[in-house]
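Dear colleague,

Please find below the structure for your review.

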Amino acid sequence: MIFARFLRQRSITSVYMWGALALMLLVGLFTAIAVYEEYREFDIESQKLRKQYIDEQKAQIRFDTNRVLRFIENEYNRHHGEIDDTLLQSQAKNAIEQLYGRQDGTGYIFIYDTNGTCLSDPVQRGNVGKNLYNFKDSNGVQVIRKLIEVSYRPDGGYVAYNWLKPTTGQRSPKISYARLFAPWHWMVGTGVYLDEVEKVIQQRKEALREKSINSITKIVLLMLMLFIVGLLGVRLLNNIVRREIRSFNRHFEQATRHHIQIDERQVRLEEFKTMAHYVNEMLSGIHRRKARLKELNASLEEKVLEQTDDLRESNRQLREEKAFSETLLKAQDSFIRQAIHEINTPLAVIMTHIDIFKMKHGENRYLAKIEAATKMIANIYDDLSYVVKRKRVHYEKSQIDLSSFLLERIRFFQEIALGNGLLIAREIEPGLTACFSDIELQRIVDNNLSNAIKYAKADSEIRIVLRREEGGALLEFHTRSRQPISDPQRIFDAFHREDKEVEGFGLGLQIVREICEKNGVEIELDAGSAWTVFRYRFGEELADACAAA
């Protein structure tokens, strides 16, 4: 994918050039890796060389110290008791200072007593007689104290520190070996300066650097020569390829106007000959299809004209059918509105005369049945009226006392519930309000009460709960249903009825959901086996909306 994107809109020359550049970078990378490996191996070798040099020097100074100790021990055994110890010690120190040491002033033997007083130092004679027990070097090492401590070991010991080098007059790293000559309480030792190994390593580094520079110079020259040769080859190859491609381009340009083919005998490169063969086949096929397309186009034009006439006729019929459907829908809407209007007058007359009859003659069992049925019709009428008007009428909101409104609607449905052998129980917290349309709120309450009465189990209780909760008010309708809701997902769909034998249009809960979504009321359905509960949550914003307005 990346390679294909790279080749897009690039010439053959640029591809060759990028390839040569990539080759140069690859060779350069390998060269850098080789140089890096050479330096890394040299670092490892330098560490080995440093350790080997130090081990050899440590062995040498230990050998020199032990040889001096054997000399002192031999002199002590031969002359102890014959010559005064002070004289014997002086002769031994003089002999050691004359016999040991190198021409550059290093490799000398130093002697201290166990208290830290310098007894012999042929290089720094000013230290003789001084107590250097607490002397510290530049790194804080107490040199003489450490040498005395390791000299008490059976095989002696080594101490590393900085000390003045005679040949340079500078302090240099040094390692010394010391052992104790117990009869005279002498600490005898010698040391070696370690900066010599750094000189050897530095010389090796310089040699390697010169070798690396020579190698890199040769590689760069070789790469430059290869690049020039490659560039000339690319140019030559590019000219040949371009000539063949120009020939192809001329034939393609002419093929757009005339049926001609590429002469394969004029193609020089074997690969392009194969390509020319397939190109000729392709051009022949294209011209055959072109001729076929001309025939099809002529036939297609006739068919398009026929289809166009048919479509015009179909569109004319569709317009007529659409106009008829719109007229029919308007007539149907007008009929429903007129029917609702005509139902309203006799319904109001029936409700009024029922109230007058009750005032004159009191309660009557048969009249109660008529009143309950009339109220159910009134509820259906209100639903139909809302459905017809909801898209044309704007329902104004006002601050409504939810508690009082709910009690009023319960009283309206009380007779209907009693007529069906049901009891409405209520738990209503007073003083709860909401900013709502009274018509829309009535549709929510009435449809829930109406459905509860329709689907409640005989001789059961319908419980209405209104209480304050965090974030607003909660309204609940609890019903012991004759059977559990089979499809809770569709219960709020239009024209859906759980029980087909129960009267109604199946619009009530669809109206409830539409009003709740419009006003931001949350709906929750708990369809259990024992109780069916519809919950409606009125948020705090519903109570504050009218005040803000």
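In this predicted model, 19 salt bridges are present.

One of them joins Glu97 and Arg125, whose closest N and O atoms are 3.5 Å apart. This pair links distant parts of the chain: Glu97 belongs to helix 3 (residues 85-99), while Arg125 sits in the loop between strand 2 (118-120) and helix 4, 28 residues apart.

Another salt bridge is formed by Arg409 and Asp446, with 2.7 Å between the closest N and O atoms. Arg409 is in helix 8 (residues 402-419) and Asp446 in helix 9 (residues 438-455), so this pair ties together parts 37 residues apart in sequence. Arg409 is buried, at 8% relative accessible area, and Asp446 is also buried, at 1%.

Arg468 and Glu429 meet through their side chains in a further salt bridge (3.7 Å, N to O). Since Arg468 lies in strand 9 (residues 461-469) and Glu429 in the loop between strand 7 (423-428) and strand 8 (433-436), the pair ties together parts that are 39 residues apart in sequence. Glu429 is partly exposed, with a relative accessible area of 29%.

With kind regards

How values were computed: Residues numbered from 1 in each chain as written. Predicted model: local features only at pLDDT ≥ 70, side-chain atom pairs only at ≥ 80, totals over all residues. Heavy atoms only, no water. Salt bridge = Lys/Arg side-chain N within 4 Å of Asp/Glu carboxyl O. Helix = DSSP H or I, 4+ residues; strand = E, 2+ residues; numbered from the N terminus. Buried < 20%, exposed > 50% of the residue type's maximum accessible area, 1.4 Å probe, protein only.
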